[in-house]
Structure formats: C-alpha cells, structure tokens
Amino acid sequence: MSLHLISVHHAEHGLDAVETVTPAVPGLGARVVAGTEAVRGAVVLATCNRVEVYVDADAPTEAVAHGVRQAIDEALDAPATVPVTVRDDTAALQHLFDVGAGLDSMVVGEREIAGQLRRALREAHRDGIATGLLTETIEQALRTSRKVSHLTRLAATGRSVVSVGLDLLRRDWDTTRVLLLGTGAYAGAVVADLKVRGCGAIAVHSSSGRAEAFAASHPGVEPAAAHLADAVAGADVVITCRGLGKPILSASVVAEVMAARAAGPGEARPLALVDLAVARDIDPAAAGVPGVVLLDLPTIQRHVPDASRREISHARDLVDEGVRDLVSRLKGREMDPVVVALRDTVNDMVADEVARLPQGRPVTGEEAAHALRRLAARLVHVPSVRARKAAEEGRAEVYLSALSELWGIEPQVRPVLRNLELDYAATPEAVPPDTLDCDTCPITGLGLSDLGSTPRLEAM
C-alpha cells in the first residue's frame, strides 16, 4: 500500500487554477477509485484555496496522477490544463499533517481546515472509498492538529479567511443586516464568526431549497426571501460561499437592487459583497455598480496576517512528532503477515496435538501433560536445530540477536574450546528450510518426524 497526493494549490498554482478544477470535485473520489483496480481508496479535500486528492494505491505516483486528471476531465466541459503537484508516502504525509494543523493555509493557524478535513474523510466513508490507510493517516493528522491547537497559540494568532474578510469591511455589526448565500459547511463558519461579532440580523438564501433547514439548525438565522433580488435588497452585506462553478449573483441583479435603493427616499444604502468561493459566486462586474464594494479571495489573501515565528516553530515540532509516530506505526504493520504466519503455524501444531488426544472420554492429566510436552518439543525443534547450525557455521552472534528479538531471551554462550576459529570460504546466509525436518534436536536427539506431522516450515 502507498499513499499518493495529487493537488492543485493556491500557493503553487494560483487561485485561478483551483477555480478551474473545483467544478469537478463532486464525485471526484469515486471516479478516481473506479478508474483503475490499482486504486483502493481516495479522499478529496476541497477548500477555498485547494483541491487535494489523497489516494491509497499500488501504482506509481505518476500513474495515479494521470488517473486523477482523467477523473477531473470527466466532469469538465474541456480538459483541465492546470498543473498539479505530486507527492507520495512520507512527503504526502508531511503535507497532510501541515494542512490539518493550519500550517499550509492561506491564513496560518486557521482551525476551519481541520473540520473540512474531517468532513472529507466522513464523505469518503459514506461513499465506501476510505481505506484503513487513509483513515489512520487522516485521523492521526487530526489528533496532531488538536495538539497544535491546545499546546500553541497559533490558532489565536491566525484567523480564518472569513474573519479577515469581515475585518476588512470595518462595520458596526450590531446594526448590520447580513445575507448568506449558501448552506454548506463553510456557511456555518460564517455564521459562527458573525455571532462572535454581535451580528443579530442574519438571513440565508438557498437556490436548492435548503435555507429553512439551515436556519432551523443555526439559531438566530432566518430564511431569506425566495427571490434572490428581494433577498439582496434587504441586506447591507452579502456573503457567498457556494463555489459551484459559476456566479449565482450577477451584475444585473446587483444593479437592479442599487437602482431601487437610489430611487427610494433618503440616501441610497451602500452594499458590501464578500465572495469567499474559489469558483466565484459573484460576477466580478458587480464591483463596477455605484455604491457596491466587492471583496473576493485574491483581495482577502493580500491582507492575511503573519503568524508568530515562535508559534509556527512549536507547531512544526508537534507536526514532525506526529508524522514520526505514524510512520513508526505503519512500519510495524509491515510485519503483520509474519505475525499471521507464525500464529497459523503454532495453531496448526495445536490442532494436530488436539486431534491426537483420546476422543469420547475425559483426557487424563498424564495424557494432557504428554500432549503439552510434545507440543513444546515441536515448537522449539526448528529453533534448536538452527541454533546448532548457527554455532557450527560461526553465526552464533546473529542467532543470539534474533533470539533476543523474537523471545526476549538473553542466554550466555558456553565455549567448548578456547580460541577455536575456522576459516570458511563461504558462510551460508541461512539454513535451507527443507532440511530441518531431517535434522535432529541437539538436546533430545529427536527428529521432527518423531514428533508428529511436519509443520509449515516456510511460515517460520
């Protein structure tokens, strides 16, 4: 199993590249998995400034990247020509942990990305494309993210894209009426930030009819008018976070609203538009309508604050520690087939000895003791034969080291003669396993055939 990462990232490729591939995000993971048998699972993380596909596959990373590109192109009207960044294994792990901790965000230290990563994994589980490797790595990245949040001040230093955008408006939020376009996960973050600022007049509009359900699950939020122009007309600030690939608020609708305000009594109220979507929700031409201020992601990006170097360094240490812990666990998993083979071999010996016991009547203590002694003899037969051969061939130290690793036994070698050294022209590296059943135990003098059926030596 291998972990691969194929990403389009604002810092490496620009927001325009991210915007180009964003419409292909729905169903992307399932298409990647269906594209080739070598791919076992995929998790897609799509935010306002990145589209990243984490893939569990037995294939070269370039081949995986080709499959991801094909899956993206399937959902677009024209093939995507944007570049991608390709990482695998440890490099992919390091990036994933940086992302979860907020170290790779447009605003360093933001906490929203951890929630987005958690939702991406949940969606992959829902679609049946989250493997054990992907689940374990992402969950460990999220645990590390929580450590960064609790043990550093990075989350307090860094603010989310939402916070930076709303700060730029410099408004009295107690008297501001806000219209939210969109009901996705990012919309919840917007509502939470507005409430912290004291905003009490929040309405939500959804062209898909989910406004009432969103309002019911977010106290203090009301469904807006069903007609988009009417909903915008009642707002001082409109915040969008849909990002479905094409604008939902056109310049003509904005112009209609502002013209109606200008025709009304008194001074026309200005309108602030905040577009938090990578695939723009608001037509950029709306910025040219008199009385309208438009903030989009490129504008917000230019105003993000720098986090403390000390806090970033501390967070980096925690991330590196989390990556090392995970790599250590994954390396340990490489021995799983060995452990299974060892257990199967021992279980086969036990089953053979059980079959030898008398059937149809209680087993006597003497018979049980005899069966256990026979089992013990079979268990130690191969190690005993290998011990003698290792000594004969000058490999005693290697054998003792292996014995210590396997059983935790630290026996002392008993020299038979002093200064007994022989020159071997060629020292064999291992004893052929098919000869072990012919050899006799150096202690009991018994061969394996004397103890019962031959165990599966290849598993040893």
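**Close-ups of cavity, core and strand**

**View 1. What lines the largest cavity in this predicted model?** By class, its lining has four nonpolar, three polar and two charged residues (Ala, Val, Leu, Ile, Met, Phe, Trp, Tyr, Cys and Pro count as nonpolar, Asp, Glu, Lys and Arg as charged, the others, Gly among them, as polar). They are Thr47, Cys48, Asn49, Glu110, Glu112, Ile113, Gln116, Val161 and Tyr186. A cavity here is a set of points on a 1 Å grid over the protein atoms alone where a 1.4 Å probe fits but cannot get out, and lining residues have an atom within 4 Å of a point. Helix α6 (residues 112-126) gives the most to this lining, with three residues; helices are DSSP runs of H or I, at least four residues, and strands are runs of E, at least two, numbered from the N terminus.

**View 2. Leu276 and its contacts.** Leu276 is among the residues of the 89-residue largest nonpolar core that touch the most other members, along with Val32 and Ile239. Such a core joins buried Ala, Val, Leu, Ile, Met, Phe, Trp, Tyr and Cys residues through side-chain atoms within 4.5 Å. Leaving out residues up to four places away in sequence, Leu276 touches Cys48, Val161 and Tyr186, among others (contact means heavy atoms within 4.5 Å).

**View 3. Leu5 in strand β1 (residues 3-9).** Leu5 counts as buried because its relative accessibility is 0% (buried is under 20% relative accessible area, with a 1.4 Å probe and protein chains only). Its C-alpha atom is separated by 4.7 Å from that of Tyr54, 49 residues apart along the chain.

**Notes.** Residues are numbered from 1 along each chain as its sequence is written, and side-chain values use heavy atoms, without hydrogens and water. Local features need pLDDT of at least 70, side-chain atom pairs count only at pLDDT 80 or more, and totals for chains, interfaces and linings use all residues.

Definitions and conventions
Buried means under 20% relative accessible area, exposed over 50%, partly exposed in between (1.4 Å probe, protein chains only). On a 1 Å grid over the protein atoms alone, a cavity is a set of points where a 1.4 Å probe fits but cannot get out, and a pocket is an open set with protein on both sides within 12 Å along at least five of seven lines; lining residues have an atom within 4 Å of a point.
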